[in-house]
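Let's walk through this protein together, one question at a time. Have the structure open as you read.

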Amino acid sequence: MERTLILIKPDALARGLAGTVLSRFEAKGLKIAGLKMLALTDGSLADHYSHLVDKPFYPGIAEFMKSSPVIAVCLEGREAVDVCRSLCGVTNARKAAPGTIRGDLSVSMQCNLVHASDSPESAAQEVARFFKKDELFAYQPALIKFLLAGDEM
Ligand code: ADP
């Protein structure tokens, strides 16, 4: 099992699509291990987008990402990092394939609804950035037990 970090971005909240975005991951079969709403700060954004801070468009991204709270989700599943990146589609939503979250729901490069960690290494860093250990839950074995038991328990 692998864990990855998803951020449901301000445009998803503004458009009333937060639940839709989350449900695409759930419907695929990924399990929610942690979830919280939070306001990003200049510091957390600079850490999160450290590969972009020198780009001319970074101030615009920072303003956008601070324009409302975001929803951070830790998702768990087999090859969760790759599976979630594929579900999101490429960065430029206009080029993202139909069937992906960005491809189906956005026409923007910046306002592309969702972030997903791009490697197992960055997933580990990003999950630790947004969640304390006791905010993450491994409940799947119990759930499976109840589902398998049906009405017998
Ligand atoms: P991804 O989110 O697909 O991993 P990046 O890490 O390259 O892509 O970029 C982070 C986010 O910054 C993107 O999701 C998008 O919101 C924004 N972004 C990236 N490139 C641009 C750009 N050229 N113009 C405006 N916003 C951009």
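A pocket here is an open set of grid points with protein on both sides within 12 Å along at least five of seven lines, and its lining residues have an atom within 4 Å of a point. Please keep in mind that this is a predicted model.

Q: Which element gives the most to the lining of the largest pocket?
A: Helix H3 (42-48), helix H4 (58-65), E4 and helix H7 (120-130) are the elements that each give two or more residues to this lining. The top contribution is 4 residues, and it comes from H7.

Q: How many charged residues are in the lining of the largest pocket?
A: The pocket holds about 570 Å³ of space. Among its 24 lining residues, Tyr49, His51, Leu52, Thr91 and His115 are the closest to the centre. Sorted by class, the lining has 10 polar residues, 7 nonpolar ones and, for charged residues, 7.

Q: Is Cys74 buried or exposed?
A: Cys74 sits in strand E3 (residues 70-77). Beyond residues up to four places away in sequence, Cys74 touches Arg3, Lys31, Ala33 and Phe131, among others. Buried means under 20% relative accessible area. Because its relative accessibility is 0%, Cys74 counts as buried.

Technical notes: Residues are numbered from 1 along each chain as its sequence is written. This is a predicted model: local features need pLDDT of at least 70, side-chain atom pairs count only at pLDDT 80 or more; totals for chains, interfaces and linings use all residues. Side-chain values use heavy atoms; hydrogens and water are left out. Buried means under 20% relative accessible area, exposed over 50%, partly exposed in between (1.4 Å probe, protein chains only). Contact means heavy atoms within 4.5 Å. On a 1 Å grid over the protein atoms alone, a cavity is a set of points where a 1.4 Å probe fits but cannot get out, and a pocket is an open set with protein on both sides within 12 Å along at least five of seven lines; lining residues have an atom within 4 Å of a point. Grid points are joined across faces, edges and corners, and a volume is the space filled by probe spheres set on the points. Ala, Val, Leu, Ile, Met, Phe, Trp, Tyr, Cys and Pro count as nonpolar, Asp, Glu, Lys and Arg as charged, and the others, Gly among them, as polar.
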